Amino acid sequence: MKKSDLQKIKNFEALVKGQEKTFVGYPVNTQFDYSDLYGLLSYPLNNVGDPFAEGYYHLNSREFELEVLDWFARLNHAPLDNYWGYVTNGGTEGNMYGLYLARELYPKGVVYYSQDTHYSVSKNIRMLGMEHVMIKSRQNGEMDYQDLREMLSTWRCAPPIIFANIGTTMKEGIDDIDEIKKVLHSLAIPEYYIHVDAALAGMTLPFIDNTPIYDFTTGVQSMSISGHKFIGSPVPCGIVLALKSNVGRIARAIEYVGSLDSTVSGSRNGFTPIVLWYAMKKYGFNGFKKMVRKCVRNAEYAVRSFNAKGVKAWKNDFAITVVFPRPSDKIVKKWQLAVQDDIAHVICMPQVCKQVIDKIGEDLANET
Ligand SMILES: *Cc1c(COP(=O)(O)O)cnc(C)c1O
């Protein structure tokens with residue numbers, strides 16, 4: 001390899017390092033150290049196929065993947081004798097899997113999802129060729145249950161597939177599973193499916209007391225959580241969990257790899273399950289609880305200090321996402337803020353400390 005090519009990589013690394021300092025708009029933890037795992041990058045680890053099935057491809061990390069799944073199953077009170085899941089390439093794949101499963105169970109089902117749902121979901125629904133209805137959102141990003149009721153009554157004959165957000169992308173709004181079930185029951189709808197998109201909040205709410213409950217005890221049937229968001233990972237990843245009794249209906253045995261073709265991707269990342277496992281062992285429940293508490297406090301601090309500077313900021317209960325009026329493009333660019341229409345947000349991930357919040361606050365205040 002030419003020296004100049006190697007230099008290009010070094011320069012890129014320096015650029016990335018610099019950009020990380022003003023990375024406050026996306027829900028991605030940048031504070032991690034997986035150097036203990038670097039040796040594993042010399043091997044073609046691949047978790048091809050079903051994590052629960054023995055396969056012929058032995059360079060895999062299924063053992064770690066199963067422990068990660070067990071941890072998330074317990075965290076979300078999935079039935080330990082009836083859950084299934086795998087480590088995905090991210091939240092999008094987990095949502096796609098949930099919708100795919102729902103479609104196989106209810107081929108005539110209609111997907112209901114709120115206006116504030118992540119942009120990838122409408123694409124997933126188109127790819128799967130599913131009927132869908134968009135539900136209005138409330139101001140805080142949560143689903144409008146009155147609108148859900150009206151839409152459900154209109155489409156009465158088809159089984160509803162509810163795509164619920166546990167933390168919307170822009171405002172971290174939480175759809176109330178209890179309210180949704182009340183609507184379904186009051187309309188005497190006998191059969192339905194609820195999938196939960198807990199990309200970000202799936203790693204914050206379980207560590208906060210007295211939060212809305214969206215776990216498997218509520219009757220939700222599948223759930224997608226991002227791994228690279230709150231936990232942090234050098235490679236995007238996520239976790240999907242579903243009820244095993246549902247999954248059994250779609251798995252197909254594949255002789256070539258000696259496994260079941262039950263996942264969206266065939267070849268799957270063998271490194272990311274070890275990343276998640278490492279974080280799980282390093283922090284454990286209590287470590288994550290501390291981390292989450294600090295982030296929530298920082299978010300509360302950001303709301304207070306922005307408002308004190310005349311910037312109308314707010315956040316949802318339990319959220320680490322702070323929403324405020326969209327500033328100039330200069331500020332959006334400088335802090336890599338995520339924007340939508342007339343709002344922007346800062347997400348108080350572990351690297352967004354008070355000093356950073358103060359600097360953003362000053363920049364915002366200088367414009368108002
Ligand atoms: C980020 C996000 C997704 C997509 O997750 P990826 O891991 O980026 O694929 C889906 N839903 C919500 C609510 C998100 O915030």
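Helices here are DSSP runs of H or I with at least four residues, numbered from the N terminus. By that rule, phenylalanine 23 falls in the loop between helix H1 (3–19) and helix H2 (62–75). The model is predicted.

**Overall build**

The chain holds 11 helices and 12 strands. Its C-alpha trace spans about 60 × 55 × 40 Å along the principal axes. A compact globule with 368 residues would have a radius of gyration near 21 Å, and the chain agrees because its own value is 21 Å. Of the 368 residues, 55% count as buried.

The exposed surface comes to about 17700 Å². Carbon and sulfur atoms supply 53% of that area. The chain carries 41 positive and 40 negative charges. Their mean positions lie 5 Å apart.

**Nonpolar cores**

In soluble globular proteins, nonpolar side chains tend to be buried together. Which residues have the most contacts inside the largest nonpolar core? They are Phe72, Phe306 and Phe324, in a core of 88 residues. Helix H9 (residues 272–308) gives the most to this core, with 16 residues. A second, separate core has 22 residues, including Trp84, Tyr106, Ile125 and Ile250.

Phenylalanine 324 deserves a separate look. Neighbours within four places in sequence are left aside here. Its contacts then include Phe306, Val311, Ala313, Leu337, Ile343, Ala344, Val346 and Leu364. Lys312, Asp342 and His345 are also in contact with phenylalanine 324.

**Phenylalanine 23**

Is phenylalanine 23 buried or exposed? Its relative accessibility is 19%, and the cut-off for buried is under 20%, so phenylalanine 23 counts as buried. Beyond neighbours within four places in sequence, phenylalanine 23 is in contact with Val28, Thr30, Gln336, Gln351 and Val352. Valine 346 is 323 residues away from phenylalanine 23 along the chain, yet their C-alpha atoms are separated by 9.3 Å.

**Exposed loop residues**

| Residue | Loop between | Relative accessible area |
|---|---|---|
| Alanine 188 | helix H6 (177–186) and strand E5 (193–197) | 60% |
| Asparagine 210 | E5 and strand E6 (222–226) | 74% |
| Cysteine 157 | helix H5 (145–154) and strand E4 (160–165) | 80% |

The cut-off for exposed is over 50%. Alanine 188 has 60%, so it counts as exposed. Asparagine 210 is exposed too, because its relative accessibility is 74%. Cysteine 157, with 80%, is likewise exposed.

Alanine 188 has a positive phi of about 55°, although it is not a glycine. Asparagine 210 is also a residue other than glycine with a positive phi, near 55°.

How far apart in space are cysteine 157 and tyrosine 26? Their C-alpha atoms are 40 Å apart. In sequence, cysteine 157 and tyrosine 26 are 131 residues apart.

Definitions and conventions: Residues numbered from 1 in each chain as written. Predicted model: local features only at pLDDT ≥ 70, side-chain atom pairs only at ≥ 80, totals over all residues. Heavy atoms only, no water. Core = buried A, V, L, I, M, F, W, Y, C linked by side-chain atoms within 4.5 Å. Buried < 20%, exposed > 50% of the residue type's maximum accessible area, 1.4 Å probe, protein only. Helix = DSSP H or I, 4+ residues; strand = E, 2+ residues; numbered from the N terminus. Contact = heavy atoms within 4.5 Å. Rg over C-alpha atoms; globule rule 2.2 N^0.38 Å. Areas by Shrake-Rupley, 256 points an atom, 1.4 Å probe, with all protein chains shown as cover. Lys, Arg positive; Asp, Glu negative; His and termini not counted. Charge placed at Lys NZ, Arg CZ, Asp CG, Glu CD.
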